[in-house]
Amino acid sequence: MIRELDDEDDSKKLLRLFAYGNYWDWKASKDKYPDLTPANILKLKKLSIVTLAQTRKILYYDNLMQRLDVDNVRELEDILIDTTYTGLLKGKLDQRLKCFQVHEFVGRDVEHSELDGMIEVLGNWSNHCDAILNKIGELSKVAENEFVANETRRLNFNKKVKETEDSIKTALDSMRDDEMQAPIQGGPAPGRPIGGGRGRAAGRR
């Protein structure tokens, strides 16, 4: 729609300003645009804050006040609060550090001349994601192989422990059997009556 309007049309200039522009660019070339109402200027300041939030997570009061021509902290905080209430921005005011911590923001329109650059950025980001996914896949395969190897070692170790326990048990059982079958040393000889000598002596008398 914007591209269909004449470049010199005031409506197109305003549309381009509020779609892509910011407060400091407007201030540097006010003569190229129709006069803005105070409400329009305030809206442009809010959109300009969103533009800054797209490239940084912390917006310092000093920088914002300088860029937006705001005279005091109270006025700046009112603009920031109003910007969050309208849904353009989400974040947290830090009065101690005098900054605004950006959490979320809405995306602004992109000029046609910037599309190629955005496509390149998105392409690089996509390639970077693919590289990360490939690396994760490699690490996952290594972890899987290591798990299999550890499981194999565990099973082999348990098998050897079981074999050793069985061997020890067999040896102990064999020793018990041998002890039960061995004759008692120092006992009487088989078939010889106990006390037989005294009986013969008594008969001779």
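This is a predicted model: local features need pLDDT of at least 70, side-chain atom pairs count only at pLDDT 80 or more; totals for chains, interfaces and linings use all residues.

**Entry 1: the chain.** I counted seven helices and three strands, and reading along the sequence I found the pattern α-α-α-β-α-α-β-β-α-α. Of the 205 residues in the chain, 19% are buried. I then took the contacts between residues at least 6 apart in sequence, and 47% of these join residues at least 24 apart.

**Entry 2: helix H4.** Which residues of H4 are buried? In this helix, which spans residues 61-68, I found Tyr61, Leu64, Met65 and Leu68 to be buried. Looking down the axis of H4, I saw its buried residues fall within an arc of 100 degrees, so they line one face of the helix. Asp62 and Gln66 are exposed, and they sit on the face of H4 turned away from its buried side.

I next looked up what covers the buried residues of H4, and the cover includes the helices H2 (23-28), H3 (38-53) and H5 (73-85), together with the strands S1 (58-60), S2 (89-94) and S3 (99-105).

**Entry 3: rings.** I searched for aromatic pairs and found that the structure holds one. It is formed by tyrosine 23 and tryptophan 26, whose centres are 5.6 Å apart and whose planes make an angle of 45 degrees, a tilted arrangement. Tyrosine 23 and tryptophan 26 are three residues apart in helix H2, so about one helical turn separates them. I checked burial for both: tyrosine 23 is buried, with a relative accessible area of 7%, and tryptophan 26 is buried too, at 6%.

Which charged end sits over the ring of tyrosine 23? I found that of lysine 45, at 5.1 Å from the ring centre. I noted a further case at phenylalanine 18, where the charged end of lysine 43 sits over the ring, 5.4 Å from its centre.

**Entry 4: H3 against H5.** I looked up how H3 and H5 pack, and found an angle of about 80 degrees with the axes 10 Å apart. That makes H3 roughly perpendicular to H5. On the H3 side I listed Leu42, Lys45, Lys46 and Ile49, which meet Ile79, Leu80, Asp82 and Thr83 in H5.

Definitions and conventions. Residues are numbered from 1 along each chain as its sequence is written. Side-chain values use heavy atoms; hydrogens and water are left out. Buried means under 20% relative accessible area, exposed over 50%, partly exposed in between (1.4 Å probe, protein chains only). Helices (H or I, at least four residues) and strands (E, at least two) are DSSP runs, numbered from the N terminus. The arc is that of the directions from the helix axis to the C-beta atoms. Contact means heavy atoms within 4.5 Å. Rings of Phe, Tyr and Trp (its six-membered ring) pair if their centres lie within 6.5 Å; planes under 30 degrees apart count as stacked, over 60 as edge-to-face and the rest as tilted. A charge sits over a ring if NZ of Lys or CZ of Arg is within 6 Å of the ring centre and within 35 degrees of the ring normal. Axes are lines fitted to C-alpha atoms, for helices over the stretch in contact, and angles run from 0 to 180 degrees between N-to-C directions. Angles under 35 degrees count as roughly parallel, over 145 as roughly antiparallel, 65 to 115 as roughly perpendicular and the rest as oblique.
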